[in-house]
Amino acid sequence: MSVAFSELRRKADDEWRSLTAGDKPWVRVGLGTSGEAAGAEEAHAALIEALGSEATVSLVGSMGLCYAEPLVDVQMPGGARVFYANLGADEAVDVVAAHVRSGRADAARAFAWHGDEQPAGLDGVTRLTELPTVRPQTRLATRLAGDIDPRDMSQYIANGGYEALDRALNELDPAKVLDEVKNSGLRGRGGAAFPTGVKWGFLAPNPAPVKYVLCNCEEGDPGAFNDKGILESCPHTLLEGLILAGYATNSSNGIIFIRQGHTLPIENSRKAVQDAYAAGLLGQNILGSEFSYEVEVALTGDSYVAGEETALMEAIEGKRSMPRYRPPFPAAAGLWGKPSNINNVKTLSYAPAIVREGAEAFKRVGTETTSGTAILCITGAVNRPGMYEVAMGSLTVRQAVEEVAGGIRGGKKMKMFQAGGPLFGPIGEEGFDAAIDFDSIAKTTGSLGSGGIIIGDEDVCAVNLTRNLMSFNQFESCGKCFPCRLGMTHMVETLERISCNDGREDDLALMQRMGSSMRMGSLCGHGQLGYNPVASALKYFEADFRSHLEEKRCPTGACGDGQMLTPTRTRP
Amino acid sequence: MSDGNPPSGDELPASAELRKRARTALQSQQQPTVTVLSSLLAVQDEFHYVPDEAIEETATHVNATINDVWSVASFYTNFRFTPPGEHTIDVCWGPSCHLNGAQNVIERVHSELGVDGEGETADGKLTLRYSTCLGACALAPVIAVDHHMKGRISPDSAAAVVEGLKGA
């Protein structure tokens, strides 16, 4: 351990000890975007006011148990954590204040407990790690989510943070770090699943003095919030991964790229970068080593295509986020014409675990072809929506829905799942037993993509959902390639008339022809994959289309009067 | 729209004030890399829209043409060119929200506001925007009031929120 790091570690350990086993109870309120939507900030403010100096009240990240939010826990000095779920501001004050003052947990209201020993009087309350939403998880990238204050770097360091970086800088040369990542079998989590070590290997040997590692947190996929989830709960995990990537590829600069409006991820990343500079974890001669590295946070405006790797570089350069022609590939000439590598937030966030625990340990999690975990965002018609990090291949889609997400709301039947972002369509019953890993999901018409899985029940009409997805794709076409820009528009019009029972006999064939033009005539995945949602819906749910076309009625009534309120705009 | 030259002496005081605020916002950017896009974001943070004067100031600040700046400003859907109302309501229509009844929420918000799409109410006080995804999909359907998320929304609770804003 370097002298500089051991000093950081000692200070962090002291602070952590005083938080968890000092003289005051520690009350943690989980806050991510979903926590905000559930009222966590209001609960936090009410607790601060009610408890004053009686307890330390902190905002921590979200554990991903979104269905239980606002989720608040109380830890008496040296004791176990006792969690209370769905705790609104008023109730939070009653329940938490009573717990803090008496030292006794409210057994009737307790949701779970976590620690070495079960607190007295909590018989019948489940251990956190035994909850059906927590037990199946293997947390690598989200290891500390909900445990620490994401804005406090010391709390990350006290829990093993930056150990991997310190070890890499002291004991491993860059080539060895690159080898570890190669050997771990890590594949990119942004959707394309390309081997990360190979990608880094394109950049590493380039002798240019200025080289960029770009971290993509555009995260425009509706239904996916795991990139934001990591930045909301533990931005230093990503930052440590980004520094390790810079070291392994001999790069000079890192950039964290986030969409404007993602307030918490932006604030947390900026704070993390600022604190890392102050502690000597960024800048010149990091932790006293020979390695120097600069990191900044860059924002994009609202544009889904800005998440495409070459469009992303255009956005960082301040231009319209339209994809570039390739070659040259980014590793040869990327941002500002310099060699660049683009990685997703999740991908980089595994790097600390890989370097800390070793490639072999990472490979033991997941399947032979996809090591590590999938960070799932399960939403839609389920009882327990949330963000769950599970080993690749450890669950089928059906198991994830039934066992983790608590089955379909209202006891209804699952009709479809939609995974991989809006360029993939709904998948029916035949796909429910696919294991959740890149290769198994790819055997359906879907993609694991970035991990968002949206569940539709028996009341959903496939035409209706597909129209919604295609409206998104139309709205977000950047307009550079006309087959995409116009094809999407015609596709939405066609789906609209089918949905209104006004479809024409040859509409299905027409959409297929448009789709084929889009696939062949578009520069990036947005147009190339643009017909996917329709193709998938037709494969599994042709009956829904036939009902609209032939019987002139919506099979479930979901299409109503055929009106769907969406923005109508085509990029100029 | 002027030709990008510095404002002439007889420009309206309001316009000169806008330019001053725009220049301060442009110069206050903290990050090392300043671009057309970062500058426009700084301007919109300051005014909650991008006034014509600020387009020109941005062009001067980053040494670009007014065309360059307009090209970027017109591309990203978060930029707007007229002042918004006092309060802004974003309603998500992404697929997770859609499957949880977002269309009914949007319809109800329309009728409460007396509008039939995105934009301002007749009195100009409230702005409605559709959002492709607000990022709190597990709490669907979601709306945001002045950028603050509210989840598990029903048409009735959305109506109550709008009612509260009208009174505010």
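Reply: This is a predicted model. The mean pLDDT of chain B is 93, and 93% of its residues reach 70 or more. For the complex, the predictor gives an ipTM of 0.96 and a pTM of 0.96.

Me: How do you know what pattern chain B follows along its sequence?

Reply: Chain B holds 7 helices and 5 strands. Taken in sequence order, these give α-α-α-α-β-α-α-β-β-β-β-α. The C-alpha trace of chain B spans about 55 × 35 × 25 Å along its principal axes. Of the 168 residues of chain B, 42% count as buried. Among contacts in chain B with a separation of 6 or more, 56% are between residues 24 or more positions apart.

Me: What makes S2 and S5 the edge strands of chain B?

Reply: The sheet of chain B is open, with 5 strands in the order S2-S3-S1-S4-S5 and mixed pairing. Strand S2 (119-120) and strand S5 (148-150) of chain B each pair on one side only, and that makes them the edges.

Me: Which strands of chain B do helices H6 and H7 lie across?

Reply: Helix H6 (residues 102-113) of chain B lies across strand S1 (87-92), S3 and strand S4 (143-145), and runs at about 155 degrees to S1(B). Helix H7 (residues 155-167) of chain B lies across S1, S3, S4 and S5, at about 15 degrees to S4(B).

Me: How many residues of chain A are in contact with chain B?

Reply: 50 residues of chain A are in contact with 40 residues of chain B. Helix H2 (33-38), strand S8 (294-300), strand S10 (373-380), strand S14 (452-457) and helix H17 (462-476) of chain A each supply at least two residues of the side that touches chain B. By class, that side has 23 nonpolar, 19 polar and 8 charged residues.

Me: Why is one side of S8(A) left without a neighbour in the sheet?

Reply: S8(A) belongs to an open sheet of 4 strands, in the order S8-S7-S6-S9 and with parallel pairing. Both S8 and strand S9 (340-344) of chain A stand at the edges with a single partner strand each, so one side of each has no neighbour in the sheet. From one strand to the next the twist averages 25 degrees.

Me: How do you know that S6(A) and S9(A) pair?

Reply: At least two bridges are needed. Strand S6 (residues 212-217) of chain A and S9(A) have 5 bridges in the parallel sense, so they qualify. Leu214(A) stands opposite Ile342(A) in S9(A). Helix H10(A) packs on this sheet, touching S6, strand S7 (253-259), S8 and S9 of chain A, and its direction makes about 150 degrees with that of S6(A). Helix H13 (residues 345-357) of chain A also packs on the sheet, touching S6 and S9 at about 90 degrees to the direction of S9(A).

Me: What makes H10(A) mostly covered?

Reply: 14 of the 14 residues of H10(A) are buried. A residue is buried if 20 or more other C-beta atoms lie within 10 Å of its own. Helix H10 (residues 235-248) of chain A reaches 20 Å from its first C-alpha to its last, close to the 20 Å expected. Asn250(A), with a positive phi near 55 degrees, follows H10(A).

Me: Why is Ala193(A) called partly exposed?

Reply: Ala193(A) has 19 other C-beta atoms within 10 Å. Ala193(A) lies in the loop between helix H7 (174-184) and helix H8 (196-203) of chain A. Its phi is positive, about 60 degrees, although Ala193(A) is not a glycine.

Me: Why does Asn501(A) count as partly exposed?

Reply: The count for Asn501(A) is 16 other C-beta atoms within 10 Å, so the residue falls between the two cut-offs. The loop between helix H18 (482-499) and helix H19 (507-521) of chain A holds Asn501(A).

Methods:
Residues numbered from 1 in each chain as written. Chains lettered and ligands numbered in written order. Predicted model: local features only at pLDDT ≥ 70, side-chain atom pairs only at ≥ 80, totals over all residues. Buried ≥ 20, exposed ≤ 12 C-beta atoms within 10 Å, placed from the backbone. Contact = placed C-beta atoms within 7 Å. Expected span 1.5 Å × (residues − 1). Axes fitted to C-alpha atoms, helices over the stretch in contact; angles between N-to-C directions. pLDDT = per-residue confidence, 0-100. Nonpolar A, V, L, I, M, F, W, Y, C, P; charged D, E, K, R; others polar.
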